[in-house]
Amino acid sequence: MQVVNLVQRNLFRDSIQLMRLTEDVKKLEGVDDAVVSMGTDTNRRLLQDLGLLGGEGRAAADTDLMIAVRVRDGFDGAVVMKNVEKLVMAPPVSSGGRRAVVLHSIGSALDRLHGANLAIVSVPGRQAFDPSMELLRNGVNVHLFSDHVPVEQELKLKRYASSKGLLVMGPGAGTSIINGVGLGFANSVRKGDVGIVASAGTGIQEVSTMLDRIGLGVSAALGVGGTDVSEQVGGLMMKDCLDLLERDERTRMLMIIAKTPKEKVIRNVMDHVRSHTSKPIVACFLGLDPPSTKEDRVAYAMTLHSAVRKAAIFSGGGAEPRFEKNISTSFEELVARSKEIASKLGPSRKYLRGLYSGGTLAHETLLIFRELIGEAYSNTPLSGAYALADPNTSKENCVVDLGDESFTSGRAHPMIDPTLRKLRISQESRDPDVAAILLDVVLGYGSSPEPGGSLGGAIADSTHKGLAVLAHVCGTETDPQSFREQSRELTESGTLLYSSNALLSAGAALVVGGEEASERLKNRWEYLLG
Amino acid sequence: MAKKKGANLLESDLAVLNLGLEIFRQALESQKVSCVQVDLSQAPVLDKRLADALDRLL
(Lines give C-alpha, C1' and ligand atoms only; values in the text may rest on other atoms or scores of the structure.)
Protein backbone atom coordinates (compact mmCIF):
# COMPACT_ATOMS: atom_id res chain seq x y z
CA MET A 1 0.00 0.00 0.00
CA GLN A 2 1.14 3.48 -0.85
CA VAL A 3 1.94 6.03 1.87
CA VAL A 4 1.44 9.70 1.03
CA ASN A 5 2.30 12.74 3.15
CA LEU A 6 1.01 16.25 2.49
CA VAL A 7 2.28 19.23 4.46
CA GLN A 8 0.42 22.56 4.69
CA ARG A 9 2.87 25.21 5.81
CA ASN A 10 1.91 27.44 8.76
CA LEU A 11 -1.60 26.09 9.15
CA PHE A 12 -2.85 25.59 12.73
CA ARG A 13 -5.66 23.39 13.94
CA ASP A 14 -6.18 22.70 17.64
CA SER A 15 -5.62 19.24 19.08
CA ILE A 16 -9.30 18.32 19.23
CA GLN A 17 -9.89 19.42 15.63
CA LEU A 18 -6.87 17.34 14.55
CA MET A 19 -8.14 14.25 16.34
CA ARG A 20 -11.56 14.58 14.70
CA LEU A 21 -10.05 15.27 11.27
CA THR A 22 -8.03 12.08 11.67
CA GLU A 23 -11.19 10.12 12.42
CA ASP A 24 -13.01 11.69 9.42
CA VAL A 25 -10.13 11.05 6.99
CA LYS A 26 -9.97 7.39 8.08
CA LYS A 27 -13.59 7.01 6.95
CA LEU A 28 -12.90 8.20 3.37
CA GLU A 29 -13.00 5.64 0.59
CA GLY A 30 -9.58 4.24 -0.26
CA VAL A 31 -7.98 5.23 3.07
CA ASP A 32 -6.43 2.37 5.05
CA ASP A 33 -4.97 4.47 7.87
CA ALA A 34 -4.36 8.17 8.42
CA VAL A 35 -3.13 10.76 10.89
CA VAL A 36 -3.69 14.52 10.66
CA SER A 37 -1.42 16.35 13.09
CA MET A 38 0.92 19.28 13.62
CA GLY A 39 4.53 18.64 12.60
CA THR A 40 6.01 18.17 16.07
CA ASP A 41 8.73 15.66 17.00
CA THR A 42 6.21 13.56 18.95
CA ASN A 43 3.86 13.41 15.98
CA ARG A 44 6.62 12.54 13.49
CA ARG A 45 7.64 9.73 15.80
CA LEU A 46 4.03 8.56 15.96
CA LEU A 47 3.87 8.51 12.13
CA GLN A 48 7.15 6.59 12.06
CA ASP A 49 5.76 3.98 14.48
CA LEU A 50 2.60 3.63 12.42
CA GLY A 51 4.56 3.32 9.16
CA LEU A 52 3.00 6.54 7.89
CA LEU A 53 6.00 8.86 7.73
CA GLY A 54 7.14 9.94 4.27
CA GLY A 55 9.69 12.42 2.96
CA GLU A 56 7.45 15.48 3.21
CA GLY A 57 6.42 14.63 6.76
CA ARG A 58 10.07 14.34 7.83
CA ALA A 59 10.61 17.96 6.75
CA ALA A 60 7.51 19.38 8.49
CA ALA A 61 7.93 22.04 11.17
CA ASP A 62 5.99 22.47 14.45
CA THR A 63 3.84 25.13 12.79
CA ASP A 64 2.94 22.98 9.77
CA LEU A 65 -0.08 20.73 9.40
CA MET A 66 0.85 17.15 8.37
CA ILE A 67 -1.55 14.83 6.59
CA ALA A 68 -0.29 11.24 6.41
CA VAL A 69 -2.35 8.61 4.59
CA ARG A 70 -1.89 4.94 3.70
CA VAL A 71 -3.89 4.36 0.51
CA ARG A 72 -5.56 0.96 0.02
CA ASP A 73 -4.38 -1.18 -2.87
CA GLY A 74 -6.49 -0.74 -6.00
CA PHE A 75 -7.25 2.93 -5.34
CA ASP A 76 -5.79 5.89 -7.20
CA GLY A 77 -3.62 7.72 -4.66
CA ALA A 78 -4.07 11.07 -6.38
CA VAL A 79 -7.86 10.83 -6.25
CA VAL A 80 -7.87 9.68 -2.62
CA MET A 81 -5.54 12.51 -1.58
CA LYS A 82 -7.65 15.07 -3.42
CA ASN A 83 -10.64 14.04 -1.28
CA VAL A 84 -8.48 14.00 1.85
CA GLU A 85 -7.15 17.48 1.15
CA LYS A 86 -10.64 18.82 0.47
CA LEU A 87 -11.84 17.50 3.83
CA VAL A 88 -8.86 18.71 5.83
CA MET A 89 -8.71 22.16 4.25
CA ALA A 90 -12.40 22.94 4.81
CA PRO A 91 -12.93 25.67 7.44
CA PRO A 92 -13.18 24.18 10.93
CA VAL A 93 -16.73 23.80 12.17
CA SER A 94 -18.29 22.92 15.47
CA SER A 95 -18.38 19.20 16.04
CA GLY A 96 -21.24 19.39 18.50
CA GLY A 97 -24.71 18.09 17.83
CA ARG A 98 -25.64 21.47 16.39
CA ARG A 99 -23.67 24.32 14.97
CA ALA A 100 -22.74 26.74 17.76
CA VAL A 101 -22.76 30.49 17.35
CA VAL A 102 -19.16 31.61 17.57
CA LEU A 103 -18.48 35.23 18.54
CA HIS A 104 -15.27 37.07 17.88
CA SER A 105 -14.85 39.51 20.74
CA ILE A 106 -15.29 39.36 24.48
CA GLY A 107 -17.39 42.53 24.36
CA SER A 108 -19.98 41.04 22.03
CA ALA A 109 -19.99 37.76 23.98
CA LEU A 110 -20.72 39.67 27.20
CA ASP A 111 -23.54 41.50 25.39
CA ARG A 112 -24.94 38.15 24.24
CA LEU A 113 -24.66 36.33 27.60
CA HIS A 114 -26.06 38.61 30.26
CA GLY A 115 -24.78 37.88 33.74
CA ALA A 116 -21.71 35.96 32.55
CA ASN A 117 -19.81 35.11 35.74
CA LEU A 118 -17.13 32.70 34.51
CA ALA A 119 -14.91 32.15 31.48
CA ILE A 120 -12.96 29.05 30.53
CA VAL A 121 -9.82 30.10 28.66
CA SER A 122 -7.96 27.41 26.72
CA VAL A 123 -6.22 29.48 24.03
CA PRO A 124 -2.44 28.99 23.57
CA GLY A 125 -0.74 30.11 26.79
CA ARG A 126 1.26 32.93 25.20
CA GLN A 127 -2.02 34.50 24.04
CA ALA A 128 -3.99 34.00 27.25
CA PHE A 129 -3.07 37.12 29.25
CA ASP A 130 -4.90 39.87 27.33
CA PRO A 131 -8.31 38.17 27.08
CA SER A 132 -8.06 36.97 30.69
CA MET A 133 -7.36 40.49 31.92
CA GLU A 134 -10.22 41.84 29.78
CA LEU A 135 -12.55 39.28 31.34
CA LEU A 136 -11.45 40.19 34.87
CA ARG A 137 -11.93 43.90 34.14
CA ASN A 138 -15.49 43.02 33.20
CA GLY A 139 -16.05 41.23 36.51
CA VAL A 140 -15.80 37.70 35.08
CA ASN A 141 -13.97 34.94 37.00
CA VAL A 142 -11.46 33.00 34.91
CA HIS A 143 -10.75 29.25 34.76
CA LEU A 144 -7.45 29.31 32.87
CA PHE A 145 -6.87 25.88 31.35
CA SER A 146 -3.96 27.05 29.18
CA ASP A 147 -0.43 26.07 30.08
CA HIS A 148 2.75 28.06 29.42
CA VAL A 149 1.43 31.39 30.70
CA PRO A 150 4.53 33.28 31.92
CA VAL A 151 4.56 33.41 35.71
CA GLU A 152 4.83 37.21 35.70
CA GLN A 153 1.54 37.33 33.79
CA GLU A 154 -0.02 34.79 36.16
CA LEU A 155 0.94 36.97 39.08
CA LYS A 156 -0.52 40.10 37.46
CA LEU A 157 -3.80 38.34 36.73
CA LYS A 158 -4.06 36.86 40.22
CA ARG A 159 -3.16 40.09 42.01
CA TYR A 160 -5.74 42.01 39.98
CA ALA A 161 -8.39 39.32 40.52
CA SER A 162 -7.67 39.19 44.25
CA SER A 163 -8.07 42.96 44.56
CA LYS A 164 -11.50 42.69 42.90
CA GLY A 165 -12.76 39.62 44.78
CA LEU A 166 -12.54 37.48 41.65
CA LEU A 167 -10.90 34.12 41.02
CA VAL A 168 -8.24 33.11 38.51
CA MET A 169 -8.20 29.31 38.55
CA GLY A 170 -5.02 28.35 36.70
CA PRO A 171 -3.02 28.66 34.51
CA GLY A 172 -2.80 24.95 33.87
CA ALA A 173 -6.01 24.29 35.83
CA GLY A 174 -7.33 21.04 34.41
CA THR A 175 -10.32 20.62 36.71
CA SER A 176 -12.80 22.59 38.79
CA ILE A 177 -16.32 21.89 40.02
CA ILE A 178 -18.59 24.82 40.79
CA ASN A 179 -22.24 24.51 41.74
CA GLY A 180 -22.15 20.89 40.64
CA VAL A 181 -20.87 21.83 37.18
CA GLY A 182 -17.65 20.20 35.99
CA LEU A 183 -15.17 22.53 34.28
CA GLY A 184 -12.34 21.20 32.13
CA PHE A 185 -11.67 17.53 32.87
CA ALA A 186 -14.07 16.94 35.76
CA ASN A 187 -16.31 14.14 36.92
CA SER A 188 -20.00 14.01 37.61
CA VAL A 189 -20.01 13.87 41.40
CA ARG A 190 -22.73 14.38 43.98
CA LYS A 191 -23.10 17.73 45.72
CA GLY A 192 -22.07 17.80 49.36
CA ASP A 193 -20.14 19.66 52.00
CA VAL A 194 -16.47 19.05 51.15
CA GLY A 195 -14.76 22.09 49.62
CA ILE A 196 -11.56 21.28 47.72
CA VAL A 197 -8.76 23.63 46.71
CA ALA A 198 -6.02 22.00 44.67
CA SER A 199 -2.99 22.71 42.55
CA ALA A 200 -3.40 19.21 41.12
CA GLY A 201 -6.04 18.53 38.44
CA THR A 202 -6.30 14.75 38.56
CA GLY A 203 -5.91 15.08 42.33
CA ILE A 204 -9.34 16.75 42.34
CA GLN A 205 -10.69 14.00 40.08
CA GLU A 206 -9.31 11.20 42.25
CA VAL A 207 -10.57 12.54 45.58
CA SER A 208 -13.95 13.81 44.30
CA THR A 209 -14.78 10.45 42.68
CA MET A 210 -13.71 8.52 45.77
CA LEU A 211 -15.79 10.84 47.97
CA ASP A 212 -18.72 10.14 45.65
CA ARG A 213 -18.25 6.39 46.04
CA ILE A 214 -18.55 6.65 49.82
CA GLY A 215 -21.63 8.86 49.73
CA LEU A 216 -19.90 12.19 50.35
CA GLY A 217 -20.14 15.14 47.98
CA VAL A 218 -18.40 18.29 46.91
CA SER A 219 -19.58 21.86 47.60
CA ALA A 220 -16.93 23.21 45.24
CA ALA A 221 -13.56 22.08 43.89
CA LEU A 222 -11.32 24.91 42.80
CA GLY A 223 -8.18 24.15 40.77
CA VAL A 224 -5.63 26.92 41.12
CA GLY A 225 -2.91 25.58 38.79
CA GLY A 226 0.44 24.01 39.64
CA THR A 227 2.46 27.23 39.72
CA ASP A 228 0.18 28.81 42.34
CA VAL A 229 2.24 26.98 44.98
CA SER A 230 5.54 28.19 43.50
CA GLU A 231 7.58 30.68 45.51
CA GLN A 232 6.84 33.41 42.96
CA VAL A 233 3.05 33.16 43.26
CA GLY A 234 3.14 32.11 46.92
CA GLY A 235 -0.23 30.33 47.02
CA LEU A 236 -2.06 33.60 46.41
CA MET A 237 -5.13 32.07 44.80
CA MET A 238 -5.07 28.98 47.03
CA LYS A 239 -5.51 31.27 50.03
CA ASP A 240 -8.27 33.31 48.32
CA CYS A 241 -10.14 30.11 47.42
CA LEU A 242 -9.85 28.78 50.97
CA ASP A 243 -11.22 32.09 52.28
CA LEU A 244 -14.10 31.78 49.85
CA LEU A 245 -14.91 28.25 50.99
CA GLU A 246 -14.65 29.31 54.62
CA ARG A 247 -17.42 31.85 53.92
CA ASP A 248 -19.48 29.35 51.94
CA GLU A 249 -22.25 27.99 54.16
CA ARG A 250 -22.52 24.70 52.27
CA THR A 251 -18.87 23.87 52.88
CA ARG A 252 -18.28 22.13 56.20
CA MET A 253 -14.86 20.64 55.56
CA LEU A 254 -11.84 21.91 53.61
CA MET A 255 -9.53 19.72 51.60
CA ILE A 256 -6.22 21.08 50.28
CA ILE A 257 -4.23 19.14 47.68
CA ALA A 258 -0.92 20.14 46.18
CA LYS A 259 1.54 18.35 43.93
CA THR A 260 5.25 19.19 44.40
CA PRO A 261 4.58 22.34 46.43
CA LYS A 262 7.35 24.48 47.83
CA GLU A 263 7.63 23.83 51.58
CA LYS A 264 7.88 27.54 52.38
CA VAL A 265 4.69 28.26 50.42
CA ILE A 266 2.79 25.47 52.15
CA ARG A 267 3.90 26.71 55.58
CA ASN A 268 2.53 30.12 54.60
CA VAL A 269 -0.76 28.65 53.30
CA MET A 270 -1.22 26.59 56.47
CA ASP A 271 -0.48 29.63 58.69
CA HIS A 272 -3.17 31.43 56.70
CA VAL A 273 -5.79 28.72 57.13
CA ARG A 274 -5.08 28.36 60.82
CA SER A 275 -5.80 32.06 61.34
CA HIS A 276 -8.53 32.59 58.71
CA THR A 277 -10.63 29.42 58.81
CA SER A 278 -12.54 27.45 61.42
CA LYS A 279 -13.55 24.29 59.54
CA PRO A 280 -11.87 20.87 59.68
CA ILE A 281 -9.07 20.53 57.14
CA VAL A 282 -7.61 17.53 55.30
CA ALA A 283 -4.28 18.47 53.75
CA CYS A 284 -2.49 16.31 51.18
CA PHE A 285 0.80 17.77 49.99
CA LEU A 286 2.17 15.04 47.74
CA GLY A 287 5.88 14.69 48.39
CA LEU A 288 6.03 16.71 51.63
CA ASP A 289 6.15 15.03 55.02
CA PRO A 290 3.55 16.27 57.52
CA PRO A 291 4.67 18.35 60.49
CA SER A 292 5.56 16.31 63.55
CA THR A 293 3.16 18.21 65.84
CA LYS A 294 -0.51 17.15 65.88
CA GLU A 295 -3.22 19.69 65.22
CA ASP A 296 -6.83 19.34 66.35
CA ARG A 297 -8.70 20.21 63.18
CA VAL A 298 -6.02 19.43 60.59
CA ALA A 299 -5.36 15.90 59.30
CA TYR A 300 -2.40 15.37 56.99
CA ALA A 301 -2.45 12.66 54.33
CA MET A 302 0.44 11.29 52.29
CA THR A 303 -1.74 10.00 49.43
CA LEU A 304 -5.06 10.91 47.84
CA HIS A 305 -6.46 7.59 49.10
CA SER A 306 -5.49 8.51 52.64
CA ALA A 307 -6.94 12.03 52.22
CA VAL A 308 -10.36 10.58 51.40
CA ARG A 309 -10.17 8.21 54.36
CA LYS A 310 -9.40 11.13 56.68
CA ALA A 311 -12.29 13.11 55.17
CA ALA A 312 -14.54 10.12 55.86
CA ILE A 313 -13.43 10.08 59.50
CA PHE A 314 -14.04 13.83 59.89
CA SER A 315 -17.41 13.50 58.21
CA GLY A 316 -18.75 10.70 60.40
CA GLY A 317 -22.23 9.40 59.65
CA GLY A 318 -21.14 6.05 58.26
CA ALA A 319 -18.66 7.40 55.71
CA GLU A 320 -15.69 5.58 57.24
CA PRO A 321 -17.29 2.10 57.08
CA ARG A 322 -18.32 2.86 53.48
CA PHE A 323 -14.70 3.78 52.72
CA GLU A 324 -13.54 0.48 54.17
CA LYS A 325 -16.18 -1.41 52.17
CA ASN A 326 -16.11 0.43 48.82
CA ILE A 327 -12.48 1.52 48.48
CA SER A 328 -10.06 0.15 51.02
CA THR A 329 -8.58 -3.28 51.36
CA SER A 330 -6.48 -4.93 54.05
CA PHE A 331 -2.71 -5.32 53.90
CA GLU A 332 -3.12 -9.09 53.84
CA GLU A 333 -5.56 -9.00 50.91
CA LEU A 334 -3.32 -6.70 48.90
CA VAL A 335 -0.29 -8.93 49.53
CA ALA A 336 -2.21 -12.08 48.58
CA ARG A 337 -3.44 -10.52 45.33
CA SER A 338 0.05 -9.37 44.37
CA LYS A 339 1.51 -12.81 45.11
CA GLU A 340 -1.09 -14.39 42.86
CA ILE A 341 -0.25 -11.97 40.03
CA ALA A 342 3.49 -12.56 40.51
CA SER A 343 3.04 -16.34 40.44
CA LYS A 344 1.76 -16.15 36.85
CA LEU A 345 4.70 -14.14 35.53
CA GLY A 346 7.81 -15.57 33.91
CA PRO A 347 11.08 -15.34 35.91
CA SER A 348 12.59 -12.64 33.66
CA ARG A 349 9.69 -10.26 34.27
CA LYS A 350 10.83 -7.84 36.97
CA TYR A 351 9.96 -4.24 36.04
CA LEU A 352 6.88 -2.02 36.30
CA ARG A 353 5.85 0.47 33.63
CA GLY A 354 3.31 3.13 34.59
CA LEU A 355 1.68 4.76 31.57
CA TYR A 356 -0.31 7.63 33.01
CA SER A 357 -2.64 10.27 31.61
CA GLY A 358 -2.96 12.15 34.92
CA GLY A 359 0.11 14.00 36.15
CA THR A 360 -0.90 13.98 39.81
CA LEU A 361 -1.61 10.25 39.73
CA ALA A 362 1.76 9.58 38.07
CA HIS A 363 3.41 11.62 40.81
CA GLU A 364 1.58 9.74 43.54
CA THR A 365 2.75 6.45 42.03
CA LEU A 366 6.36 7.65 41.92
CA LEU A 367 6.15 8.55 45.63
CA ILE A 368 4.70 5.16 46.59
CA PHE A 369 7.29 3.29 44.49
CA ARG A 370 10.05 5.26 46.23
CA GLU A 371 8.73 4.11 49.61
CA LEU A 372 8.41 0.45 48.62
CA ILE A 373 10.80 -0.50 45.79
CA GLY A 374 13.02 2.54 45.33
CA GLU A 375 12.80 5.49 42.99
CA ALA A 376 11.54 4.87 39.46
CA TYR A 377 12.63 6.50 36.22
CA SER A 378 10.26 9.05 34.71
CA ASN A 379 9.87 11.97 32.33
CA THR A 380 8.64 13.82 35.45
CA PRO A 381 10.98 12.27 38.03
CA LEU A 382 11.16 12.91 41.77
CA SER A 383 14.88 13.63 41.39
CA GLY A 384 17.06 14.50 38.42
CA ALA A 385 19.07 11.26 38.60
CA TYR A 386 15.97 9.34 37.53
CA ALA A 387 15.04 11.49 34.53
CA LEU A 388 14.53 9.42 31.37
CA ALA A 389 17.05 10.37 28.71
CA ASP A 390 14.28 9.87 26.14
CA PRO A 391 10.65 9.95 27.35
CA ASN A 392 9.76 7.53 24.54
CA THR A 393 12.03 4.81 25.92
CA SER A 394 11.40 3.33 29.36
CA LYS A 395 14.08 2.12 31.74
CA GLU A 396 13.81 -0.38 34.60
CA ASN A 397 10.91 0.60 36.92
CA CYS A 398 9.44 3.57 35.13
CA VAL A 399 6.42 5.90 35.35
CA VAL A 400 5.63 7.99 32.28
CA ASP A 401 3.26 10.96 32.40
CA LEU A 402 1.86 10.93 28.87
CA GLY A 403 0.00 14.16 29.62
CA ASP A 404 3.30 16.00 29.98
CA GLU A 405 4.20 18.71 27.49
CA SER A 406 6.76 16.50 25.74
CA PHE A 407 3.88 14.30 24.54
CA THR A 408 1.03 16.80 24.14
CA SER A 409 2.75 19.41 21.99
CA GLY A 410 0.62 19.53 18.82
CA ARG A 411 -1.68 16.68 19.77
CA ALA A 412 -4.62 16.01 22.10
CA HIS A 413 -4.14 15.06 25.75
CA PRO A 414 -4.10 11.27 26.37
CA MET A 415 -7.34 11.57 28.36
CA ILE A 416 -8.95 12.64 25.08
CA ASP A 417 -6.95 10.71 22.49
CA PRO A 418 -5.70 7.23 23.50
CA THR A 419 -3.50 6.71 20.38
CA LEU A 420 -0.11 7.37 22.00
CA ARG A 421 -0.93 5.29 25.05
CA LYS A 422 -2.08 2.34 22.93
CA LEU A 423 1.22 2.44 21.03
CA ARG A 424 3.17 2.69 24.27
CA ILE A 425 1.32 -0.27 25.80
CA SER A 426 2.30 -2.32 22.72
CA GLN A 427 5.89 -1.08 22.96
CA GLU A 428 6.19 -2.04 26.64
CA SER A 429 4.59 -5.43 26.04
CA ARG A 430 7.42 -6.34 23.65
CA ASP A 431 9.96 -5.92 26.46
CA PRO A 432 10.48 -9.37 28.09
CA ASP A 433 11.63 -7.71 31.34
CA VAL A 434 8.28 -6.04 31.98
CA ALA A 435 6.16 -7.65 34.70
CA ALA A 436 3.23 -5.26 34.74
CA ILE A 437 1.88 -2.15 33.07
CA LEU A 438 -0.01 0.33 35.26
CA LEU A 439 -2.74 2.52 33.80
CA ASP A 440 -4.98 5.28 35.11
CA VAL A 441 -8.26 5.38 33.21
CA VAL A 442 -9.75 8.80 33.87
CA LEU A 443 -13.43 9.31 33.08
CA GLY A 444 -15.47 12.49 33.13
CA TYR A 445 -16.45 15.47 31.03
CA GLY A 446 -13.98 16.21 28.24
CA SER A 447 -12.36 12.75 28.37
CA SER A 448 -12.45 10.07 25.68
CA PRO A 449 -16.00 8.70 25.30
CA GLU A 450 -14.82 5.09 25.57
CA PRO A 451 -11.42 4.84 27.23
CA GLY A 452 -11.84 1.22 28.32
CA GLY A 453 -12.83 0.00 24.88
CA SER A 454 -10.22 2.03 23.04
CA LEU A 455 -7.37 0.60 25.15
CA GLY A 456 -8.85 -2.91 25.27
CA GLY A 457 -7.15 -4.31 22.16
CA ALA A 458 -3.66 -3.22 23.20
CA ILE A 459 -4.28 -4.52 26.75
CA ALA A 460 -5.50 -7.92 25.54
CA ASP A 461 -2.42 -8.25 23.28
CA SER A 462 -0.19 -7.48 26.27
CA THR A 463 -1.80 -9.96 28.65
CA HIS A 464 -1.53 -12.67 25.98
CA LYS A 465 2.22 -12.03 25.95
CA GLY A 466 2.38 -12.97 29.65
CA LEU A 467 2.58 -9.68 31.50
CA ALA A 468 -0.04 -8.20 33.81
CA VAL A 469 -2.02 -5.03 33.13
CA LEU A 470 -3.17 -3.30 36.31
CA ALA A 471 -5.41 -0.23 36.31
CA HIS A 472 -7.47 2.15 38.34
CA VAL A 473 -10.63 3.71 36.93
CA CYS A 474 -11.05 7.26 38.21
CA GLY A 475 -14.72 8.02 37.67
CA THR A 476 -18.31 7.67 38.80
CA GLU A 477 -21.36 5.82 37.59
CA THR A 478 -22.94 9.12 36.45
CA ASP A 479 -19.94 10.12 34.34
CA PRO A 480 -20.72 10.21 30.60
CA GLN A 481 -18.66 7.03 30.12
CA SER A 482 -20.11 5.12 33.15
CA PHE A 483 -17.68 3.74 35.72
CA ARG A 484 -19.29 0.31 35.60
CA GLU A 485 -19.24 0.07 31.82
CA GLN A 486 -15.57 1.07 31.52
CA SER A 487 -14.60 -1.26 34.37
CA ARG A 488 -16.41 -4.11 32.61
CA GLU A 489 -14.63 -3.44 29.30
CA LEU A 490 -11.24 -3.28 30.98
CA THR A 491 -11.85 -6.45 32.95
CA GLU A 492 -12.93 -8.30 29.80
CA SER A 493 -9.66 -7.32 28.13
CA GLY A 494 -7.72 -8.89 31.02
CA THR A 495 -7.06 -5.81 33.16
CA LEU A 496 -6.91 -6.20 36.94
CA LEU A 497 -8.59 -3.25 38.63
CA TYR A 498 -7.84 -1.45 41.90
CA SER A 499 -10.15 0.96 43.70
CA SER A 500 -7.63 3.78 44.11
CA ASN A 501 -4.42 4.81 42.43
CA ALA A 502 -2.54 4.42 45.71
CA LEU A 503 -3.70 0.80 46.07
CA LEU A 504 -2.81 0.16 42.42
CA SER A 505 0.69 1.52 42.98
CA ALA A 506 1.27 -0.33 46.24
CA GLY A 507 -0.13 -3.57 44.81
CA ALA A 508 2.09 -3.30 41.73
CA ALA A 509 5.14 -2.60 43.89
CA LEU A 510 4.45 -5.82 45.80
CA VAL A 511 4.27 -7.79 42.53
CA VAL A 512 7.93 -7.04 41.75
CA GLY A 513 9.22 -6.17 45.22
CA GLY A 514 8.42 -9.45 46.96
CA GLU A 515 8.94 -9.94 50.70
CA GLU A 516 11.12 -6.87 51.12
CA ALA A 517 8.44 -4.56 49.67
CA SER A 518 5.76 -6.31 51.73
CA GLU A 519 7.71 -5.66 54.90
CA ARG A 520 8.14 -2.01 53.98
CA LEU A 521 4.44 -1.63 53.18
CA LYS A 522 3.50 -3.28 56.46
CA ASN A 523 5.56 -0.68 58.30
CA ARG A 524 4.27 2.20 56.13
CA TRP A 525 0.62 1.13 55.79
CA GLU A 526 -0.76 3.77 58.13
CA TYR A 527 1.54 6.44 56.65
CA LEU A 528 0.57 5.69 53.02
CA LEU A 529 -2.93 4.28 53.16
CA GLY A 530 -4.27 4.90 56.66
CA MET B 1 -18.70 44.71 47.72
CA ALA B 2 -15.82 43.41 45.66
CA LYS B 3 -15.43 40.32 47.86
CA LYS B 4 -19.07 39.41 47.25
CA LYS B 5 -18.42 38.51 43.62
CA GLY B 6 -16.41 35.39 44.31
CA ALA B 7 -19.06 34.23 46.75
CA ASN B 8 -21.72 34.81 44.10
CA LEU B 9 -19.86 32.46 41.80
CA LEU B 10 -20.46 29.60 44.22
CA GLU B 11 -24.10 30.53 44.80
CA SER B 12 -25.35 31.51 41.33
CA ASP B 13 -26.11 29.54 38.22
CA LEU B 14 -23.09 29.60 35.95
CA ALA B 15 -23.11 31.63 32.72
CA VAL B 16 -19.89 30.85 30.90
CA LEU B 17 -17.84 32.30 28.07
CA ASN B 18 -15.68 29.59 26.49
CA LEU B 19 -12.53 30.86 24.80
CA GLY B 20 -10.74 28.04 23.01
CA LEU B 21 -11.40 24.31 22.90
CA GLU B 22 -14.95 23.54 21.83
CA ILE B 23 -14.90 20.29 23.77
CA PHE B 24 -15.40 22.35 26.94
CA ARG B 25 -18.43 24.15 25.47
CA GLN B 26 -19.93 20.78 24.59
CA ALA B 27 -19.27 19.50 28.13
CA LEU B 28 -21.00 22.58 29.58
CA GLU B 29 -23.97 22.24 27.26
CA SER B 30 -24.33 18.58 28.24
CA GLN B 31 -24.60 19.84 31.83
CA LYS B 32 -27.26 22.37 30.74
CA VAL B 33 -25.06 25.40 31.47
CA SER B 34 -25.53 28.66 29.52
CA CYS B 35 -22.43 29.09 27.40
CA VAL B 36 -21.19 31.26 24.54
CA GLN B 37 -18.24 30.24 22.37
CA VAL B 38 -15.67 32.94 21.62
CA ASP B 39 -12.97 32.53 18.97
CA LEU B 40 -10.38 35.29 19.06
CA SER B 41 -8.07 33.58 16.56
CA GLN B 42 -9.97 34.40 13.39
CA ALA B 43 -9.07 37.29 11.16
CA PRO B 44 -11.84 39.77 12.04
CA VAL B 45 -10.48 40.11 15.55
CA LEU B 46 -7.64 42.12 14.09
CA ASP B 47 -10.19 44.90 13.66
CA LYS B 48 -12.32 45.18 16.79
CA ARG B 49 -15.04 47.18 15.07
CA LEU B 50 -15.31 44.60 12.32
CA ALA B 51 -15.44 41.78 14.88
CA ASP B 52 -18.23 43.51 16.80
CA ALA B 53 -20.13 44.20 13.58
CA LEU B 54 -19.81 40.55 12.53
CA ASP B 55 -21.00 39.37 15.94
CA ARG B 56 -24.04 41.66 15.74
CA LEU B 57 -24.95 39.95 12.48
CA LEU B 58 -24.66 36.43 13.97
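The model is predicted, so local features need pLDDT of at least 70, side-chain atom pairs count only at pLDDT 80 or more, and totals for chains, interfaces and linings use all residues. Residues are numbered from 1 along each chain as its sequence is written, while chains are lettered from A and ligands numbered from 1 in the order in which they are written.

Let's start with an open sheet of three strands in chain A, ordered E1-E3-E2 with antiparallel pairing. Helices (H or I, at least four residues) and strands (E, at least two) are DSSP runs numbered from the N terminus, and two strands pair if DSSP finds at least two bridges between them. Strand E1 (2–8) and strand E2 (31–38) of chain A are the edges, each pairing on one side only. Seven bridges join E1(A) to the antiparallel strand E3 (residues 65–71) of chain A, and A:Val4 stands opposite A:Val69 in E3(A).

Helices come next. Helix H1 (residues 15–26) of chain A packs on the sheet, touching E2 and E3 of chain A, and its direction makes about 165° with that of E2(A). Contact here is counted when C-beta atoms, placed from the backbone, lie within 7 Å. Angles run from 0 to 180 degrees between N-to-C directions, with axes fitted to C-alpha atoms, for helices over the stretch in contact. Helix H4 (residues 77–89) of chain A lies across E1, E2 and E3 of chain A, at about 145° to E3(A).

Further along, look at helix H8 (residues 201–213) of chain A. All 13 of its 13 residues are buried, so H8(A) is largely enclosed by the rest of the structure; buried means that 20 or more other C-beta atoms, placed from the backbone, lie within 10 Å of the residue's own. Just after H8(A), A:Gly215 takes a positive phi of about 85°.

Finally, turn to where the two chains meet. The contact takes 45 residues from chain A and 44 residues from chain B. On the side of chain A that touches chain B, the largest share, five residues, comes from helix H5 (106–112) of chain A. By class, that side has 23 nonpolar, 17 polar and five charged residues; Ala, Val, Leu, Ile, Met, Phe, Trp, Tyr, Cys and Pro count as nonpolar, Asp, Glu, Lys and Arg as charged, and the others, Gly among them, as polar. Strands also link the chains: two bridges join E4(A) to strand E2 (residues 34–38) of chain B, running parallel, and A:Leu103 stands opposite B:Val38 in E2(B).

How values were computed. Two residues are in contact if their C-beta atoms, placed from the backbone, lie within 7 Å. A residue is buried if 20 or more other C-beta atoms lie within 10 Å of its own, exposed if 12 or fewer, and partly exposed in between; C-beta atoms are placed from the backbone.
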